[in-house]
Amino acid sequence: MADMRAFREAVTAEAAVGSDEPSEPVRELAGRLSVRTAVLLEGLSDAAAVDALAERRGLDLEGRGICVLPMGGAMSVGRFARLLGPSPGLGLRLTGLCDERERRFYARALEEVATTTGTEQRQRQRFFVCSADLEDELIRTLGVARVEEVIRAEGDLRALQTLQQQPAQQGRTAQQQLRRFLGTKKGRKIHYGRALVEALEPDRAPAPLDDLFDELFADL
């Protein structure tokens, strides 16, 4: 039985080889799964956070035809937008989340696909920007003390303290040190993308993430 993972994998494979038009198997998968919206994300840590917030709020993304799609880097957004956006793509609504430094890649990609559409379709293609990255947004929303509590609960406090003692970390703020800590080990950002979202109060989330969910579920 087809599921959204199969669709993500098929789209990612076609984007990797530079396809500008989805194959018939991908079109069939999209139709079978009633995919309506693609959430274009830079990487797996962002996807973990989006999935965790959906679970926390009791929202069924797949049931609403929403595909959360980590692209493996913002520079790939043009290829994904062409495959998933207006004809000859799948005609899905496109949205997403990116870091401030990657804004230009998203803006250019969505502008390119928007040139072939009318005003109504153009208004459906929106993305949301984190001031640095999503991890930084989560740290600021939770506060340093709460993030340290989460790190302690996950068994990583000693590793954090070791990093904080390094000469390169002296003079940095606690928030900067935490952000650096999350990126120092493979898989850590993905793990804490979920863990930090799960530590949020149910009605709180970083503004870009909250805005993304408002966009996804505006018609509820």
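In this predicted model, strand β3 (residues 93-99) runs parallel to β4, and 5 bridges join the two. Within this pairing, G96 stands opposite F127 of β4.

Both strands belong to an open sheet of 4 strands. The strand order is β2-β1-β3-β4, and the pairing is parallel. At the edges lie β2 (66-70) and β4 (126-130), each pairing on one side only. From one strand to the next, the twist averages 15°.

P88 sits in the loop that links α4 (77-84) to β3. Leaving aside residues up to four places away in sequence, P88 touches D20, E21, P22 and R27. I190 lies 102 residues from P88 along the chain, and 33 Å separates their C-alpha atoms.

**A helix pair**

Two packed helices are described by the angle between their axes and the distance between the axes. For α9 and α10, the axes are 10 Å apart and the packing angle is about 120°. The crossing of α9 and α10 is right-handed. Which residues meet where α9 contacts α10? The table lists them by helix.

| Helix | Span | Residues in the contact |
|---|---|---|
| α9 | residues 157-164 | A159, L160, L163, Q164 |
| α10 | residues 174-182 | Q177, L178, R180, F181 |

By type, the residues of the contact of α9 with α10 are 5 nonpolar, 2 polar and 1 charged.

Terms used:
Residues are numbered from 1 along each chain as its sequence is written. This is a predicted model: local features need pLDDT of at least 70, side-chain atom pairs count only at pLDDT 80 or more; totals for chains, interfaces and linings use all residues. Side-chain values use heavy atoms; hydrogens and water are left out. Two strands pair if DSSP finds at least two bridges between them. Axes are lines fitted to C-alpha atoms, for helices over the stretch in contact, and angles run from 0 to 180 degrees between N-to-C directions. Contact means heavy atoms within 4.5 Å. A crossing is left-handed if the near helix is turned anticlockwise from the far one by less than a right angle, and right-handed if clockwise. Ala, Val, Leu, Ile, Met, Phe, Trp, Tyr, Cys and Pro count as nonpolar, Asp, Glu, Lys and Arg as charged, and the others, Gly among them, as polar.
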